[in-house]
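Hi everyone, thanks for coming. Let's bring it up on the screen.

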Amino acid sequence: MREHSMRRGRRKFDDDEPDFLKRGRLEPALHEDPDLPPTGDRWSTWDGALHGPIPRPDWVRTEHGAVDTELGILKTGKEADVFLVRRAVPDSGQVSLLAAKRYRDGEHRLFHRDAGYLEGRRVRRSREMRAMTNRTAFGKEMIAGQWAAAEFDALGRLWQIGQESGLVCVPYPVQLIGTEVMLEFIGDWETGEAAPRLAQVRANPDELADLWRQMTDALSVLARAQVAHGDLSPYNTLVRDGRLVLIDLPQIVDVIANPRGAEFIARDVNNVAAWFRSRGLPVDPEALIERLHYEAGLR
């Protein structure tokens, strides 16, 4: 069981936007609410949430008496902000560190290029489909819910495949409530420092070749599941202890239902292959694209 405490000191944060402002804990005034715990920011939201796949890792805190403490913001982006949250059972030493991904509300959300990703996704009620197509306030909320649910579902599926095959690695999806997805924090649980992105890694030739092998294995898993990441790049892939970890999957694409499925597979491959080639690794993206199209049933 993982039992860590956060050491005080500077934490490194990943900022996507130049005008990013670090935001810390919830407002102190909230602690005046007698229903809040005496320490931390809120009781655990585990009860009432949709939970990740089982068997769960032993570090997942399911106790109703667990307390969530906001430790700061890890990343800000156009669609969502990611916060660092410590979930702990008071006086027990049982702690988990989570990344809470919170999609923005309809007034501030900027889902870029979402029309292409949403092709092939359908909802049951025509009123809801029209609202999403017309980008009404209600429709934007529907879209946000779809992004969160799509990411949670994709992470659950890929995590299970990874446990069985060892060919793909993603954060464990702990829970989903509305438009908030809480995930395993990939990084140092003692310092709160996130694992580096692939783009930040300085690898020797052997390490680079191993990372490419892991990347092609992961892409093959996605293709056989008939999905594409949809926005894969060296900036949404982490490296922890030499292991490649795919993140940021809200735009995951069903390559069979989406008429541009083959195009999304090719774009994912070209994005990551360009980075490896720029580091001197001779990779053949065209051969890989052809193989993935075959594995996905597109050839």
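Let's begin with a pair of helices. Helix α4, residues 205-224, packs with α6 at an angle of about 30 degrees, and their axes are 8 Å apart. Angles under 35 degrees count as roughly parallel, so α4 is roughly parallel to α6. The crossing in which α4 passes α6 is right-handed. If you want to find the contact on the screen, look on the α4 side for W212, T216, L219, S220, A223 and R224, which meet L288, R291, L292 and E295 in α6. By class, the residues of this contact divide into 5 nonpolar, 2 polar and 3 charged.

Now let's bring in α5. How do α4 and α5 cross? Their axes come within 11 Å, and the crossing angle is roughly 175 degrees. That makes α4 roughly antiparallel to α5. From α4, the contact uses L208, L211, W212, M215 and L219, while α5 supplies D268, V269, V272, A273, W275 and F276. The class count here is 10 nonpolar, no polar and 1 charged.

Helix α5 covers residues 261-278 and helix α6 covers residues 285-295; their axes come within 9 Å and cross at roughly 150 degrees. The two are therefore roughly antiparallel to each other. Here too the crossing is right-handed, with α5 passing α6. On the α5 side we have A262, I265, A266, V269, N270, A273 and R277, and they meet P285, E286, L288, I289, L292 and H293 in α6. That contact has 9 nonpolar, 2 polar and 2 charged residues.

Okay, on to the strands. What is the strand order in the open sheet of 7 strands? Reading across, we get β1-β3-β4-β5-β7-β6-β2, with antiparallel pairing. At the edges stand β1 (42-43) and β2 (50-51), each with a single partner strand, so one side of each is left without a neighbour in the sheet. Further in, strand β5 (residues 94-103) and strand β7 (residues 180-184) run antiparallel and are joined by 5 bridges.

Strand β9 (residues 237-240) pairs with strand β10 (residues 243-246) in the antiparallel sense, over 4 bridges. V239 stands opposite L244 in β10. Between the strands of this hairpin there are 2 residues, and D241 takes a positive phi near 50 degrees.

Finally, confidence, as promised. The chain has a mean pLDDT of 83, with 75% of its residues at 70 or more. Where does pLDDT stay under 50? One such stretch is residues 1-31, for which the model has 69 contacts beyond four places in sequence. Another is residues 107-113, where pLDDT is below 50 and the model has 18 contacts beyond near neighbours in sequence. Where pLDDT is low, the predicted coordinates should not be read in detail. Happy to take your questions!

Definitions and conventions
Residues numbered from 1 in each chain as written. Predicted model: local features only at pLDDT ≥ 70, side-chain atom pairs only at ≥ 80, totals over all residues. Heavy atoms only, no water. Pairing = 2+ DSSP bridges. Axes fitted to C-alpha atoms, helices over the stretch in contact; angles between N-to-C directions. Parallel < 35°, antiparallel > 145°, perpendicular 65-115°, else oblique. Left-handed = near helix turned anticlockwise from the far one by under 90°. Contact = heavy atoms within 4.5 Å. Nonpolar A, V, L, I, M, F, W, Y, C, P; charged D, E, K, R; others polar. pLDDT = per-residue confidence, 0-100.
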